Amino acid sequence: MGTMRARWKAILAVAFGLGVWGAAGTDSLRAGEPLSPVELRETAASRVCLVTARNGLGLARGYATGFLIGDGRFVLTDLATLVQPGVVRAEVRFEDGTTRTARRFGFAESVLGVAAIALDGEKPLRPGFVLAAEESPVDGSVAVTSAGWEWGATLKLAKGRLVAGKAASALAAEAGCEPPAAQQAFMSVNGGVVVGASGSPVLDGQGNAVGIWLAIAGKGGPIDVVVPVPAVRRALLSAKPELKDFADLPAPLWPARVQRITGETPSPAALAQTVRSIRAQVVCKKCKGTGTIIVTRVVGQHKVGGMVQADVRRDRETCPDCGGEGTVMDDSAYKVLTLLADQALRISLDAGVEERAREAARANVVNVLEAMGKLTGRSRRAFIDAAVKGLDGGAGDSPRGFVIYAQVRETLKGPDGDYVVFAPFHSSRLLAARKDGLSVLSGEGQDPPAGQGPPVLSYGRWVVLAVVAEGAFDLEGRKVVFVRPAAWVPGPSLGPSPSRERPPGKSDPGRPPRREGGAPGFFGL
């Protein structure tokens with residue numbers, strides 16, 4: 001057993017690239033020789049990957065940046081993204097389209113906030129970045145390049161200079177968490193980092209990794225932290241040589257800004273502009289929202305001092321453009337509504353946005369949804385038609401925003417928790433949202449008295465729902481579209497409650513419980 005353990009310790013040391021640096025071939029990194037900007041870009045493209053953390057249903061729970069280390073069997077990445085609820089595997093993708101899957105990790109450290117995940121497959125991809133063994137000067141004299149997948153979408157590089165960062169105790173005070181027992185000094189980059197790319201390597205001029213950028217959520221706003229790679233290297237050298245399932249990952253010490261959906265987080269001002277745009281487009285321009293217009297008619301004539309003047313009468317009539325509703329809904333207006341849903345969700349998911357800004361964004365969306373719930377007649381029909389057209393034609397294009405009338409149908413169990421199922425009006429699609437992702441949990445019972453609490457998502461209730469769809473999947477035998485709700489409000493009743501085949505929240509007693517296959521052991525047996 002001791003011999004076998006020593007053998008695997010040697011194997012992991014080589015795989016991590018910490019004991020042997022003699023990788024051969026033209027793809028190996030060079031030591032001491034400065035790289036040109038083109039060479040640095042090519043080096044990053046082949047070694048820096050997008051890491052997508054997925055649950056048992058294959059749904060993305062978060063996005064981070066990672067990079068190959070050692071001989072290419074391991075990827076070093078952001079720990080916080082991997083510990084999202086229900087995550088069982090990670091998918092890594094490089095700019096050339098190469099993908100690999102990781103289901104186990106060989107190293108994870110809470111204070112450093114990083115983990116080394118083991119890529120599936122017998123052969124390593126290519127040699128990874130050299131991990132610096134000595135601390136870099138933090139006086140601004142070292143020029144560095146951060147390489148990461150901006151907002152989880154595109155590989156970008158940003159230049160800056162390495163400077164001193166915060167001590168662990170100061171970082172804990174700013175982040176609002178307990179300080180670690182061990183002393184640790186972090187670094188920072190003066191210049192630029194790739195936003196929305198936690199886990200990005202910070203490279204020196206030779207293309208060696210000297211730091212790892214992490215996105216931390218502070219009490220007063222986002223905190224940019226660069227973890228010194230020598231500290232990570234030392235921790236890797238002392239790590240126990242074994243692979244474990246993601247379920248055994250430790251929780252990170254620092255509150256993280258996890259990128260939960262690909263794409264940029266808009267500013268609260270951008271969302272406010274979208275709200276103003278919706279109001280401008282939905283209000284009937286002919287009657288300015290009143291529902292009536294003044295019509296002037298000539299009903300006769302008379303003479304005054306030898307001059308013939310027309311007799312006119314001004315009548316208030318129903319506006320022909322909106323049919324007296326004061327609102328006009330068309331495809332262009334609905335398109336702005338979908339943008340609102342998308343922007344609001346991104347703001348609510350970004351821990352780097354101030355809490356008051358997130359609350360203001362949600363309040364804006366709720367106000368718009370309440371207005372959509374009050375639509376009647378032709379405006380309501382046009383809204384329904386636009387929503388069904390968008391949902392039935394593009395729910396597979398994710399992420400994509402939708403605003404719809406829907407009815408709460410049931411609660412189904414997934415491998416990572418309960419999902420609430422919604423049936424959109426006049427659509428064959430079913431939507432499923434994680435129960436813990438709803439602003440108010442689903443449940444039975446009547447709404448609380450006015451002023452004593454929010455409405456309840458009870459079975460059969462009609463709602464106006466603003467969501468972002470992220471793709472279809474199977475849930476307890478049903479084809480559903482996974483959505484993340486930005487907000488919901490009680491909507492108009494568009495039909496009776498469906499006959500209940502089973503109580504919400506309870507699985508079909510005739511269906512055997514879902515069973516997940518166990519991960520292979522350390523020796524693959």
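**A guided reading of the predicted chain**

Trp151 lies in the loop that links strand S7 (139-150) to strand S8 (154-167); helices (H or I, at least four residues) and strands (E, at least two) are DSSP runs, numbered from the N terminus. The model is a predicted one, in which local features need pLDDT of at least 70, side-chain atom pairs count only at pLDDT 80 or more, and totals for chains, interfaces and linings use all residues. Residues are numbered from 1 along each chain as its sequence is written, and side-chain values use heavy atoms, with hydrogens and water left out.

With a relative accessible area of 13%, Trp151 is buried, where buried means under 20% relative accessible area, exposed over 50%, and partly exposed in between (1.4 Å probe, protein chains only). Its phi is near 50°, a positive value in a residue other than glycine. Glu476 sits between strand S19 (462-475) and strand S20 (478-490), and because its relative accessibility is 9%, Glu476 counts as buried.

The chain as a whole contains nine helices and 20 strands. Of its 525 residues, 49% are buried. Among contacts (heavy atoms within 4.5 Å) between residues at least 6 apart in sequence, 68% join residues at least 24 apart.

Helix H5 (residues 229-237) is mostly covered, with seven of its nine residues buried. These are Val229, Pro230, Ala231, Val232, Arg233, Ala235 and Leu236. The loop between H5 and strand S13 (244-245) holds Ser238, which counts as exposed because its relative accessibility is 61%. Ser238 and Phe107 are 131 residues apart in sequence, and their C-alpha atoms are 9.8 Å apart in space.

The next topic is helix packing. Two packed helices are described by the angle between their axes and the distance between the axes. Helix H6 (residues 268-282) packs with helix H7 (residues 331-349) at an angle of about 155°, their axes being 9 Å apart. Axes are lines fitted to C-alpha atoms, for helices over the stretch in contact, and angles run from 0 to 180 degrees between N-to-C directions. H6 and H7 are therefore roughly antiparallel to each other, since angles under 35 degrees count as roughly parallel, over 145 as roughly antiparallel, 65 to 115 as roughly perpendicular and the rest as oblique. The residues in contact include Leu271, Val275 and Ile278 of H6 and Val336, Leu340 and Ile347 of H7. By class, this contact of H6 with H7 has 13 nonpolar, five polar and no charged residues; Ala, Val, Leu, Ile, Met, Phe, Trp, Tyr, Cys and Pro count as nonpolar, Asp, Glu, Lys and Arg as charged, and the others, Gly among them, as polar.

H7 also packs with helix H8 (residues 355-373), at an angle of about 150° and with the axes 9 Å apart. H7 and H8 are therefore roughly antiparallel to each other. On the H7 side, Leu337, Leu340, Ala344, Ile347 and Ser348 meet Ala357, Arg358, Ala361, Val365, Val368 and Met372 of H8. The classes in this contact of H7 with H8 are nine nonpolar, one polar and one charged.
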